[in-house]
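Here are a few friendly notes to read alongside the coordinates. Please keep the viewer open as you go through them.

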Amino acid sequence: MSETWATTAAPDAASVSAAFGWALARDLRIALRSKAELGVQLMFYVIVVSLFPLATSPSREVLATLGPGVLWTAALLASLLSLPRLFSADFSDGTLEQIALSPRPLPALVSGKMAAHWLTTGLPVAVLAPVLGGQYAMDGTELGILAAALLLGTPILSLLGAIGAALTLGARGGGSLLALLVLPLYAPVLIFGAGAVDARRAGLSAGPQLSLLAAGLLLALAAAPFAVATAVRIALD
Amino acid sequence: MIFNWFRYSSPISFYPLAGRLSRVFGVLAVAFTIAGLYIGLVVAPTDATQGDAYRIIFLHVPTAWMAMLIYLAMAFWSALALGFNTRLSAMMAQALAPTGALMAALALWSGAFWGRPTWGTYWAWDARMTSTLILLFLYLGVIALRNAIDDPRRADRACALLSLVGAVNVPIIYFSVQWWNTLHQGSSISFTSAPKMAMTMVEGLLVMTAGVWSYCIAVTLARVRSIIVERERGSGWVASLIAPQGAR
């Protein structure tokens with residue numbers, strides 16, 4: 001631990017932004033080279049959201065009640081499914097070790113990877129959700145609130161999920177272990193995210209929920225990079 | 001004499017101390033529990049509104065408290081383990097996790113059997129129940145991560161980090177769930193106002209709490225002794241510890 005802090009002590013801003021930019025550009029390039037994989041993840045989101053009316057009822061009242069929760073739960077699952085992509089390929093071919101050995105600050109490097117993860121999974125979901133929300137009898141304002149909540153909430157999912165993804169590197173039981181670690185931590189995001197639309201429906205302002213999501217995002221942005229960097233170092237020990 | 005706080009930070013000197021403390025707290029646990037159950041089941045009066053069903057409180061509330069407290073203790077030892085890279089702190093965190101999970105499960109289970117006669121349902125998506133359920137999931141996650149990593153030292157640090165992340169999240173989960181839904185009765189005991197229950201009930205509850213607390217300490221220390229022996233089995237002092245019994 002002590003040398004971990006020593007090497008990351010007070011890096012200058014240029015080094016941080018260079019490391020962040022490099023990791024972001026690299027992971028985005030890799031993600032965009034396998035567009036099919038990104039498409040499959042979005043299709044997963046669309047299909048899960050479309051299955052709920054079949055499982056429950058096509059009536060508008062039922063769907064309107066379920067809508068925000070279904071769109072958010074599916075976003076959680078889509079994020080969860082894409083988490084192994086963050087580190088596991090780099091871990092198995094040794095790239096992650098080289099990244100960790102670099103003199104650039106590791107928290108900035110993993111932040112770039114998390115940003116790329118959000119841009120390729122969370123952002124498309126947030127853009128797609130208002131379109132799918134039409135299936136659930138949501139009106140224009142509600143769809144706007146849903147999109148705003150997802151834009152604030154999905155980065156938290158990427159940040160928290162990255163901690164779990166790094167912790168489970170090299171552990172047995174991969175995906176289902178990751179779900180057990182990460183999904184309980186997602187609970188507050190789900191509550192406030194789905195609650196934003198419900199608040200609006202109850203005639204209240206969605207402001208408190210959106211503010212709490214923003215606060216959670218700031219907390220996660222400040223803390224998660226260091227937790228992920230520590231977890232990566234633990235995995236590489 | 002200056003007490004050396006670090007004397008017991010090594011497994012070899014902590015092992016016999018843990019054994020003595022474990023026995024002391026084991027005896028205390030039995031004594032407190034018998035006294036607490038006697039007060040709770042015999043002395044305490046029947047509740048005016050809930051009848052005798054309320055007596056589940058003497059198990060329910062202490063276990064619910066311990067479930068939260070043990071998570072804090074686990075996070076404390078995890079912080080020490082991660083910060084100072086000490087082996088024994090990580091073993092303490094490892095030993096606490098199953099007991100914490102047991103307490104959370106007992107709180108939920110006893111709560112379900114209390115909810116049935118008073119609320120008319122075993123389970124409701126009430127704030128405290130939901131956050132206790134999520135707490136149980138967090139415990140199970142730590143235990144599962146421990147089992148999924150073969151190298152014990154790596155598992156120590158990974159579990160320590162997960163416990164700390166969970167500890168930051170526990171209050172957030174608690175308050176988020178509380179705003180989401182609340183059916184649970186408010187706290188019956190508060191340090192800032194007079195108790196809303198009969199004095200004998202409070203006494204029974206506090207004695208049972210002492211009993212559950214002692215049980216948790218005794219079991220955790222007994223478990224940490226097993227973990228020490230298992231992990232240090234290659235070292236000379238564990239071999240000499242086991243040898244006389246084997247020769248007998």
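**Notes on the two chains**

1. Read along the sequence, chain B runs α-α-α-α-α-α-α. That pattern amounts to seven helices and zero strands, where helices (H or I, at least four residues) and strands (E, at least two) are DSSP runs numbered from the N terminus. The model is a predicted one, in which local features need pLDDT of at least 70 and side-chain atom pairs count only at pLDDT 80 or more, while totals for chains, interfaces and linings use all residues. On naming, residues are numbered from 1 along each chain as its sequence is written, and chains are lettered from A and ligands numbered from 1 in the order in which they are written.

2. Chain B has 248 residues, of which 40% count as buried; a residue is buried with 20 or more other C-beta atoms within 10 Å of its own, exposed with 12 or fewer, and partly exposed in between, the C-beta atoms being placed from the backbone. Of the contacts in chain B between residues at least 6 apart in sequence, 78% join residues at least 24 apart. Contact here requires C-beta atoms, placed from the backbone, within 7 Å.

3. Now to the interface, where chain B contributes 24 residues and chain A contributes 21. On the chain B side, α2 (57-84), α4 (127-148) and α5 (152-180) each supply at least two residues. Which of the helices gives the most? That is α5(B), with 12 residues. By class, the side of chain B that touches chain A has 17 nonpolar, five polar and two charged residues. The classes put Ala, Val, Leu, Ile, Met, Phe, Trp, Tyr, Cys and Pro as nonpolar, Asp, Glu, Lys and Arg as charged, and the others, Gly among them, as polar.

4. L138(B) is buried, with 28 other C-beta atoms within 10 Å. Apart from neighbours within four places in sequence, L138(B) is in contact with P184(A) and G166(B).

5. In chain A, have a look at helix α7 (residues 106-133): its 28 residues reach 39 Å from first C-alpha to last, close to the 40 Å expected at 1.5 Å a residue. The expected span is 1.5 Å times one less than the number of residues. A kink of about 40° in α7(A) is centred on W118(A), the bend being the angle between axes fitted to the seven residues ending there and the seven starting there. Because 20 of its 28 residues are buried, α7(A) is largely enclosed by the rest of the structure.

6. α7(A) packs against helix α10 (residues 207-236) of chain A at an angle of about 105°, with the axes 8 Å apart. That makes the pair roughly perpendicular, the word used for angles of 65 to 115 degrees. L106(A), P107(A), V110(A) and S111(A) of α7(A) meet P225(A), F226(A), V228(A), A229(A) and V232(A) of α10(A). The residues of this contact divide into eight nonpolar, one polar and no charged.

7. Finally, two backbone angles to check. A137(A), in the loop between α7 and α8 (140-167) of chain A, has a phi near 55°, a positive value in a residue other than glycine. N85(B), in the loop between α2 and α3 (87-119) of chain B, also has a positive phi, of about 55°. A137(A) counts as partly exposed, with 16 C-beta neighbours inside 10 Å, and N85(B) counts as partly exposed with 15.

Key. Two residues are in contact if their C-beta atoms, placed from the backbone, lie within 7 Å. Axes are lines fitted to C-alpha atoms, for helices over the stretch in contact, and angles run from 0 to 180 degrees between N-to-C directions. Angles under 35 degrees count as roughly parallel, over 145 as roughly antiparallel, 65 to 115 as roughly perpendicular and the rest as oblique.
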